Amino acid sequence: MNGVTNLFTLATRNLRQSGILVAFVAIVAFFAILNPAFLSAGNLTNIVLQYSYILILAIGMVIVIIAGHIDLSVGSVVALTGATAAVLVIRMQQPWWVGVIAALVVGLLVGAWQGFWVAYVGIPAFIVTLAGMLLFRGLTFIVLSNVSLSPFGGTYYAIANGFFNGLLGGYGVDVFTLVIFAIGVVGYAVWQVRGRRSKISHQQSVEALPWFILKIVAIAAVVMWFGYQLSTSRGLPFVLILLAVLIIAYSVITQKSVFGRHVYAIGGNLHAALLSGVNVRRVNFWIFVNMGLLAGIAGVVFSSRTNGAQPGAGNMFELDAIAACFIGGAAVTGGVGRVGGAIVGGLIMAVMSNGMQLMGLDQATQQVVKGLVLLIAVAFDVWNKRRTGAAR
């Protein structure tokens, strides 16, 4: 064995990842055929702006799910953190950064509160976060005095609505946006090459070199096309830079750090993790602290995007975040999942929502479709687990 297998074998072995990518491409193609405006520069920019906060929540949620937990409170935490920022910035006329810091601190405190009950008291996360969903929603009403606050304006508003445009010039095409995307493509290619070499050195199977090159070229072409579309619209959104930093950081944390390995160990086999010396309580505590922090970031982004804070903000965000993780390949029983998969799952939710809105479908129909897609994704996970178990 030279460690090289064909594309079909790898696709079958990694059916979770390959299947979700095929589904994503198919869904994009479907909506693009029905409505050519779907792939327009303006609409692609809107997708990034409108659904970035769901992707941020999905990054934290996938870590929670990998560890075998669930968090039903993130929508309420988004509302509470956004409300905190609004009271400080709009009502009390504090600088924008004071509101941002306060929102993040509230998110951390919420995460520590829930992490304590889950990790050190031993109450299941489902119950703790269900209580949190009610508790933090009620606190949001109290903080806002049952009224909406707007507008933020200024720098705070620009967090989720601002763009880098014209920094390097360009005639109708923002050069800075293209440069940033090109750097991202090069970084991805280097990451893939190093990963392939590492697998070969450990005598693990990899795809044939022509397929490997084709994959990188195809992804690079799609990414650069997307970057070009943004560059011809309004430029590079601030929030996309934030999202990219979070994706890269948490991909490294989950795949390369001791904390990440412990999270997978706890979700994969709790008893074995305990026997191997993993401090399960501490890891679970920090998992929820991290989820609170990311919910705080999402709260800032969402309140910036809507230019205000409302008592009902963040309603059903937990559904979208959880669905993104399961659609992206996370296992219901824990121990399986990746940040990249959760992002792809979140993009599928975003593309479906945007596409159905362009088609003029009502909100009820959109909810039905989302529910069916989530059910199919979980059923696929169960089937895939049985298939791999039978193959062994």
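Modeller: A term first: helices (H or I, at least four residues) and strands (E, at least two) are DSSP runs, numbered from the N terminus. By that count, Ala-23 sits in helix H2 (residues 15-34). This is a predicted model, where local features need pLDDT of at least 70 and side-chain atom pairs count only at pLDDT 80 or more, while totals for chains, interfaces and linings use all residues. Residues are numbered from 1 along each chain as its sequence is written, and side-chain values use heavy atoms, with hydrogens and water left out.

Biologist: Stay with Ala-23. How far is it from Ile-348, in sequence and in space?

Modeller: 325 residues in sequence, and 8.4 Å in space, C-alpha to C-alpha. Ala-23 is partly exposed, with 30% relative accessibility. The scale: buried is under 20% relative accessible area, exposed is over 50%, and partly exposed is in between (1.4 Å probe, protein chains only).

Biologist: On to rings. How many aromatic pairs are there?

Modeller: The whole structure holds 14 aromatic pairs. Rings of Phe, Tyr and Trp (its six-membered ring) pair if their centres lie within 6.5 Å; planes under 30 degrees apart are stacked, over 60 edge-to-face, and the rest tilted. Take Tyr-53 and Phe-317: the centres are 5.2 Å apart and the planes at 15 degrees, so that pair is stacked.

Biologist: What does that pair tie together?

Modeller: Tyr-53 is in helix H3 (residues 41-66) and Phe-317 in helix H14 (residues 317-327), so the pair ties together parts 264 residues apart in sequence. Both Tyr-53 and Phe-317 are buried.

Biologist: And what about Phe-164 and Phe-238?

Modeller: They form an edge-to-face pair, 4.6 Å centre to centre, with 65 degrees between the planes. Phe-164 is in strand E2 (residues 163-164) and Phe-238 in helix H10 (residues 238-256), so this pair ties together parts 74 residues apart in sequence. Phe-164 is partly exposed, at 29% relative accessible area. Phe-238 is partly exposed too, at 28%.

Biologist: Which residues form the aromatic cluster?

Modeller: Trp-113, Phe-116, Trp-117, Tyr-120, Phe-285 and Trp-286.

Biologist: What sits over the ring of Phe-212?

Modeller: The charged end of Arg-196, 5.0 Å from the ring centre. The test is NZ of Lys or CZ of Arg within 6 Å of the ring centre and within 35 degrees of the ring normal.

Biologist: Back to H14. How many of its residues are buried?

Modeller: 10 of its 11 residues are buried, so H14 is largely enclosed by the rest of the structure. The buried ones include Glu-318, Asp-320 and Cys-325. After H14 comes Gly-329, with a positive phi near 110 degrees.

Biologist: Now the largest nonpolar core. Which members touch the most others?

Modeller: Of its 87 residues, Ile-56, Leu-57, Ile-59, Met-61, Val-62, Ile-287 and Leu-294 do. H3 gives the largest share, 18 residues. A nonpolar core is a set of buried Ala, Val, Leu, Ile, Met, Phe, Trp, Tyr and Cys residues joined through side-chain atoms within 4.5 Å. Another core, of 14 residues, lies apart from the largest one; Val-89, Leu-149, Val-300 and Ala-309 are among them.

Biologist: What is Ile-287 in contact with?

Modeller: Ile-63, Val-64, Ala-67, Phe-259 and Val-263, leaving aside neighbours within four places in sequence. Contact means heavy atoms within 4.5 Å.

Biologist: At what angle do H11 and H13 cross?

Modeller: The axes of H11 (residues 258-268) and H13 (residues 280-306) cross at roughly 105 degrees and come within 10 Å. That makes H11 roughly perpendicular to H13. Axes are lines fitted to C-alpha atoms, for helices over the stretch in contact, with angles from 0 to 180 degrees between N-to-C directions. Under 35 degrees is roughly parallel, over 145 roughly antiparallel, 65 to 115 roughly perpendicular, and the rest oblique. Phe-259, His-262, Val-263 and Ile-266 in H11 meet Val-280, Val-283, Asn-284, Trp-286 and Ile-287 in H13.

Biologist: Is Gln-114 buried or exposed?

Modeller: Buried, at 2% relative accessibility. Gln-114 is in helix H5 (residues 96-121). Beyond four places in sequence, Gln-114 touches residues including Asp-71, Ser-73 and Phe-288.

Biologist: Last topic, the backbone. Which peptide bond is cis?

Modeller: Ser-150 to Pro-151, with omega near -5 degrees. Pro-151 is in the loop between helix H6 (125-144) and helix H7 (154-161). Ser-145 lies in the loop between H6 and H7, and has a positive phi of about 55 degrees.

Biologist: What is phi of Gln-93?

Modeller: Near 60 degrees, a positive value. Gln-93 is in the loop between helix H4 (74-91) and H5, and is exposed at 64% relative accessibility.
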